[in-house]
Amino acid sequence: MARRAACGTGVRGARRPEVRLPALEPYGGGELEPDGDYDGLEFREADLSGQDGSGARFMDCALTGCALDETRLPHARVLDSSLTGIRGVGTDLAEATLRDVQLTDARLGGPQLHGAVLERVLIRGGKIDYMNLRTARLRDVVFEGCVLVEPDFGGARLERVEFVDCALKGADLHAATLTDVDLRGAASLEIGRGLDRLSGAVISTAQLLDLAPALAAQWGIRVEG
């Protein structure tokens, strides 16, 4: 299930996920397994640090307060699931698929999502430092009320992506492709690299004024007076 977020005229709004979980069974503990199948489970305060769940599938699951330091989840599939208060450094989700997922109040450092596919994902609250989304595909993704420090969107494709009341600090858009990306609601907007890739995005007048010095430097314009 998904609902279309309200958006201004001329840009298509993102479809937000509506995650409705069934009655969940508590996770029995033990190590994650590569290519494991986890369906209808609640992972509460589980320490999954350093475990290997490469290629695993999480369907209709809730992860609450879990530790994911150096957890390996490349090629994993996270579907119709809710992740709340997860924390970790160096979580590996390279080339993973996140579809119909709500990620709330996460505290993550250097998560690896290069080559990942995110579709109908809501990232609300929390702080994520140095998120690696190089060559990822984001479609119908909303960042809301969160802090993103130096996220790397290099070579990524963003379609119907919204930034709402969030701080975007030092974003790297090098070689990224943006379509219907709405940045107007960002509480702060700092582009560290790839200003020339903003075609396909919409920004506010105030944001344009804030970006004007960087844009002038990008285009070799000298401003005097």
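These notebook entries record what I looked up in the structure shown above.

**Basis.** I worked from a predicted model, in which local features need pLDDT of at least 70, side-chain atom pairs count only at pLDDT 80 or more, and totals for chains, interfaces and linings use all residues. Residues are numbered from 1 along each chain as its sequence is written, and side-chain values use heavy atoms, with hydrogens and water left out.

**Core.** I looked up the largest nonpolar core and found 59 residues in it. A nonpolar core is a set of buried Ala, Val, Leu, Ile, Met, Phe, Trp, Tyr and Cys residues joined through side-chain atoms within 4.5 Å; buried means under 20% relative accessible area, exposed over 50%, and partly exposed in between, with a 1.4 Å probe and protein chains only. F43, L138, F143 and F163 have the most contacts inside this core. Strand β10 (residues 97–109) gives the most to the core, with five residues; strands (E, at least two residues) are DSSP runs numbered from the N terminus. I then listed the contacts (heavy atoms within 4.5 Å) of L138. Leaving aside neighbours within four places in sequence, L138 touches L118, L133, F143, F153, R157, L158, E159 and V161.

**Cavities.** I searched the whole structure and noted two cavities of 30 Å³ or more. On a 1 Å grid over the protein atoms alone, a cavity is a set of points where a 1.4 Å probe fits but cannot get out, whereas a pocket is an open set with protein on both sides within 12 Å along at least five of seven lines; lining residues have an atom within 4 Å of a point. Grid points are joined across faces, edges and corners, and a volume is the space filled by probe spheres set on the points.

The largest cavity has a volume of about 260 Å³. Of its 20 lining residues, L83, I86, L93, L98 and L103 lie nearest the centre. Strand β10 gives the most to this lining, with four residues. I counted the classes as 19 nonpolar, one polar and no charged residues; Ala, Val, Leu, Ile, Met, Phe, Trp, Tyr, Cys and Pro count as nonpolar, Asp, Glu, Lys and Arg as charged, and the others, Gly among them, as polar.

The second largest cavity has a volume of about 50 Å³. Its lining includes F153, L158 and F163, and divides into eleven nonpolar, no polar and no charged residues.

**Pocket.** I next noted about 190 Å³ of space in the largest pocket. Its lining includes L118, L138, R157, L158 and E159. By class, the lining has four nonpolar, two polar and five charged residues.

**Salt bridges.** I found 21 salt bridges, each a side-chain nitrogen of Lys or Arg within 4 Å of a carboxyl oxygen of Asp or Glu. E144 pairs with R16, the closest N and O atoms being 2.8 Å apart. This pair links distant parts of the chain, 128 residues apart: E144 in strand β12 and R16 in strand β2. Both E144 and R16 are buried.

D37 pairs with R57 at 2.9 Å between the closest N and O atoms. D37 lies in strand β4 and R57 in strand β6, so the pair ties together parts 20 residues apart in sequence. D37 is exposed, with a relative accessible area of 52%, whereas R57 is buried at 19%.
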